[in-house]
Amino acid sequence: MTKATLLAGSLVLATSCATAPATRPAASSSSRTPAPPPAVEVTPVTTAPTAPSEGPQPVKPTGNAINVHKVRWTKAKPVSQGKKVQLTWWSGVAPCTVLDRVKVKETSKKVTITLYEGTSPKAKNTSCIMIAIQKTTTVKLKKALGKRVLVDGAKR
């Protein structure tokens, strides 16, 4: 390509990118200006979002979940003079994630507690949101915990 061709091309580009004149020619009586779009009424939301509930959500085993799997608990607290254990864990929302059952195995040295979660049969054709919530359940022991160690059965 020659310098003249490049110069001419640059000149064409520069002039075609110029801004429009500041004044507009007067509209003729035969041209019509477009009508403004119709007004849209907007109603603001006046209700405040609900605050998350205080503390973990108490749940009981359903016994009928599908796709059941072990779930690790994050906290185990002896209650009722050690005759019960209150477990806390992170989970999903029902009916998409429900507590199916709790297995308790007691020996003289340790108490192994395993949580099993799954999906409720009622969750068919349900959209499940992916949000974590804390849940809690309390299980009875055959004997008071005493000096026995609590073990999470899902850690195995």
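How do E4 and E7 pair, and over how many bridges? They pair in the antiparallel sense, over eight bridges. Here are my notes on the rest.

1. **Ground rules.** This is a predicted model, so local features need pLDDT of at least 70, side-chain atom pairs count only at pLDDT 80 or more, and totals for chains, interfaces and linings use all residues. Residues are numbered from 1 along each chain as its sequence is written, and side-chain values use heavy atoms, with hydrogens and water left out.

2. **The open sheet.** Start with the sheet that holds E4 and E7. This open sheet has four strands in the order E1-E7-E4-E3, with mixed pairing. Two strands are said to pair if DSSP finds at least two bridges between them. Strands of a sheet pair through backbone hydrogen bonds, either parallel or antiparallel. At the edges sit strand E1 (57-58) and E3, each pairing on one side only.

3. **Who faces whom.** E1 and E7 run parallel and are joined by two bridges, with Pro-58 opposite Thr-136 in E7. On to strand E3 (residues 75-79) and strand E4 (residues 84-91): they run antiparallel, joined by five bridges. There, Val-79 has Lys-84 in E4 as its bridge partner.

4. **The hairpin turn.** E3 and E4 form a hairpin with four residues between them. Ser-80, in the turn, has a positive phi of about 55 degrees. Gln-81 lies in that loop between E3 and E4, and its phi is near 55 degrees, a positive value in a residue other than glycine. Is Gln-81 buried or exposed? Exposed, with a relative accessible area of 71%. For the cut-offs, buried means under 20% relative accessible area, exposed over 50%, and partly exposed in between (1.4 Å probe, protein chains only).

5. **Another positive phi.** Asn-125 is not a glycine, yet has a positive phi of about 55 degrees. You'll find Asn-125 in the loop between strand E6 (110-119) and E7. With a relative accessible area of 85%, Asn-125 is exposed.

6. **A cis proline.** Have a look at the peptide bond joining Ala-94 and Pro-95: it is cis, with omega about 5 degrees. Pro-95 is in the loop between E4 and strand E5 (98-106).

7. **The disulfide.** Searching the whole structure turns up one disulfide (a pair of cysteine sulfur atoms within 2.5 Å). Which residues form it? Cys-96 and Cys-128, with their sulfur atoms 1.9 Å apart. This pair links distant parts of the chain: Cys-96 is in the loop between E4 and E5, Cys-128 is in the loop between E6 and E7, and they are 32 residues apart. Why is the disulfide left-handed? Because the torsion about the S-S bond of Cys-96 and Cys-128 is about -85 degrees. Cys-96 counts as buried at 11% relative accessibility, while Cys-128 counts as partly exposed at 38%.

8. **The core.** A nonpolar core is a set of buried Ala, Val, Leu, Ile, Met, Phe, Trp, Tyr and Cys residues joined through side-chain atoms within 4.5 Å. The largest one has 13 residues, and Trp-73, Val-85, Leu-87, Trp-89, Ile-113 and Leu-115 are those with the most contacts inside it. E4 and E6 each supply at least two residues of this core. Leaving aside neighbours within four places in sequence, the residues in contact with Val-85 (heavy atoms within 4.5 Å) include Ile-113, Val-139 and Leu-150.

9. **A buried arginine.** Arg-148 is in the loop between strand E7 (133-140) and strand E8 (149-152). Why does Arg-148 count as buried? Because its relative accessibility is 11%. Its side chain reaches the backbone oxygen of Thr-107 at 3.1 Å. Leaving aside neighbours within four places in sequence, Arg-148 is in contact with residues including Glu-106, Lys-110 and Leu-141.

10. **Its contact Lys-110.** Lys-110 lies in strand E6 and counts as partly exposed at 38% relative accessibility. Lys-110 and Val-151 are 41 residues apart in sequence and 7.0 Å apart in space, C-alpha to C-alpha.

Terms used. Polar contact = N/O pair within 3.5 Å; in protein donor to acceptor, adjacent residues only side chain to side chain.
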